[in-house]
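Welcome! Please open your viewer and get ready to select residues as we go along.

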Amino acid sequence: MPSSQINIKNRRATFDYEIIDTYVAGVMLCGTEMKSIRGGHASLVDSFCYFNRNELWVKGMRVSEYFYGTYNNHKPDRERKLLLQRKELDKLQRKTKEGGLTIVPLRLFINDRGLAKLEIALARGKKQFDKRETLKQKDAQRDIDRVTKRF
């Protein structure tokens with residue numbers, strides 16, 4: 001499978017959060033994790049990012065065990081360190097301490113050089129009425145698209 005086809009999305013993030021700013025971070029992985037990601041066996045459902053000792057970590061990102069891995073296989077639900085520039089880390093940490101903002105993973109992909117990258121976003125949680133409004137807008141856009149396709 002070519003690396004450009006690996007694009008694992010967190011669809012729930014755009015529904016639950018208002019995206020303010022996005023960043024692309026590297027992910028520290030072991031060998032069997034990279035093989036599982038290339039096979040498309042990863043999930044970002046219920047994952048989030050947090051700071052620990054001025055380092056950014058992702059928790060809840062599930063990378064299934066590699067089928068051909070032996071005793072060297074990884075733990076599927078382990079926490080993984082994210083790699084960003086120091087000024088980006090400082091900015092994100094400052095923004096999250098202000099309150100009301102969080103860091104959520106949006107998608108996991110493999111770049112042109114064959115490295116696993118995680119697109120993360122600085123986001124603010126939506127209220128229930130905001131979610132309903134988003135659904136109404138999607139339904140209205142779908143109806144408009146149906147009408148324009150007929151003519």
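**Stop one: a hairpin**

Select R53, which takes a positive phi near 55 degrees in the hairpin of strand 4 and strand 5, with 2 residues between the strands. Strands (E, at least two residues) and helices (H or I, at least four) are DSSP runs, numbered from the N terminus. Now show residues 48-52 and 55-59: these antiparallel strands are joined by 5 bridges; two strands pair if DSSP finds at least two bridges between them. Click C49 to find its bridge partner in strand 5, V58.

A word on the model: it is predicted, with local features needing pLDDT of at least 70 and side-chain atom pairs pLDDT 80 or more, while totals for chains, interfaces and linings use all residues. Residues are numbered from 1 along each chain as its sequence is written, and side-chain values use heavy atoms, leaving out hydrogens and water.

**Stop two: K131**

Next, go to helix 4 (residues 128-150) and select K131. At 17% relative accessibility, K131 counts as buried (under 20%; exposed is over 50%, partly exposed in between; 1.4 Å probe, protein chains only). Its side chain meets that of D16 in a salt bridge (3.3 Å, N to O), meaning a side-chain nitrogen of Lys or Arg within 4 Å of a carboxyl oxygen of Asp or Glu. D16 lies in helix 1 (residues 11-16), so the pair ties together parts 115 residues apart in sequence.

**Stop three: along helix 4**

Finally, select R146 and D143, whose side chains meet in a salt bridge (3.3 Å, N to O). Both lie in helix 4, 3 residues apart, about one turn of the helix.
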